[in-house]
Amino acid sequence: MIVKTRKYALDQKTYINLALKQWLRDNWKFGLIPLALIILNIVLYATGTFDHYWPAIVIFLLTVLYVLFWAVQITGIAQMEQSKALFQKYVYEIDSRQILMRINAKEGGILKWDQISSVNKDKEAYILYLDNAEATRNVKASWIAKTVTKGLAKAQFLYLPYSIFNSEQDLKFTDAILRRKGLLEGTPAAEPVK
């Protein structure tokens, strides 16, 4: 069976919001470091052990700048010419071998299941995160370029809202494929990804 969806294009605002939320979900724990340093500075200042409050302000400003840096990177992805394909209208044809993304009858692309690292199922859509490890394995780049690429790994995804599926049966079949492939978070793979 092949699930064929309605034509759908991800808009840039939705993409940016989803990518920023995912980045925050993946990196919130690193916010505990500046928070602990700020609290330590406040405690030392209040007890009179350390008579400067400016380190707390500097740490706060650096944290805000760090978050803004990543927000600019994610927003920049949406503006790049190379990312234009993310926002085109596609009809998705999903089966157990691949996802075929069609712009029209003659144009499109194929996404194999091994190119997807995981799938998140939320209340209104499937979010399929693409695996860029293979594409970046032999790329020669500076450490900063590799760090940015790794930080933006979850900013590469397909967003498939439930509203583009034609029936409840199509949704159930898609869900079954994702579970069988072990891509839905929290489900073991029943068959190896091919």
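This is a predicted model: local features need pLDDT of at least 70, side-chain atom pairs count only at pLDDT 80 or more; totals for chains, interfaces and linings use all residues.
Residues are numbered from 1 along each chain as its sequence is written, and side-chain values use heavy atoms, with hydrogens and water left out.

Colleague: Which element of the chain has the lowest mean pLDDT?

Modeller: pLDDT is the predictor's confidence in each residue, from 0 to 100. The chain mean is 85, and 85% of the residues reach 70 or more. Helices (H or I, at least four residues) and strands (E, at least two) are DSSP runs numbered from the N terminus. Among these elements β2 has the highest mean, 93, and the lowest, 60, belongs to helix α4 (residues 133-136).

Colleague: Over which residues does pLDDT stay under 50?

Modeller: A contact means heavy atoms within 4.5 Å. The stretch in question has 12 contacts beyond four places in sequence in the model, and it covers residues 189-194.

Colleague: In what order do the four strands of the open sheet lie?

Modeller: Two strands pair if DSSP finds at least two bridges between them. Strands β2 (residues 91-94) and β3 (residues 98-102) run antiparallel and are joined by four bridges, with Ile94 opposite Ile99. The pairing in the open sheet is antiparallel, and the order is β1-β2-β3-β4. Each edge strand pairs on one side only; these are β1 (3-4) and β4 (108-112).

Colleague: Which residue of β6 is the bridge partner of Asn120?

Modeller: Strand β5 (residues 116-121) and strand β6 (residues 125-130) run antiparallel, with five bridges between them. A hairpin of three residues connects β5 to β6. The partner of Asn120 in β6 is Ile127.

Colleague: Which helix gives the most to the nonpolar patch?

Modeller: Patches take residues with over 30% relative accessible area and no salt bridge, joining like charges within 9 Å and nonpolar side chains (Val, Leu, Ile, Met, Phe, Trp, Tyr) within 5 Å. Accessible areas come from the Shrake-Rupley method with a 1.4 Å probe, and for residues only the protein chains shown count as cover. The patch, with Tyr45, Trp54 and Leu65 among its members, has about 1,100 Å² of accessible area together. Nine of its residues come from the main contributor, helix α3 (residues 54-79).

Colleague: Why does Leu65 count as exposed?

Modeller: Buried means under 20% relative accessible area, exposed over 50%, and partly exposed in between (1.4 Å probe, protein chains only). Leu65 lies in helix α3. Leu65 counts as exposed because its relative accessibility is 54%.

Colleague: Is Asp95, which forms a salt bridge with Arg97, buried or exposed?

Modeller: A salt bridge is a side-chain nitrogen of Lys or Arg within 4 Å of a carboxyl oxygen of Asp or Glu. In the Asp95-Arg97 pair the closest N and O atoms are 3.0 Å apart. Arg97 counts as exposed at 52% relative accessibility. Asp95 has a relative accessible area of 7%, so Asp95 is buried.

Colleague: Which residues are linked with Lys121 in a network of salt bridges?

Modeller: Asp175 forms a salt bridge with Lys121, the closest N and O atoms being 2.9 Å apart. That pair links distant parts of the chain, with Asp175 in helix α6 (residues 168-180) and Lys121 in strand β5, 54 residues apart. The side chains of Asp175 and Arg179 also meet in a salt bridge (2.9 Å, N to O). The residues linked with Lys121 in the network are Asp175 and Arg179.
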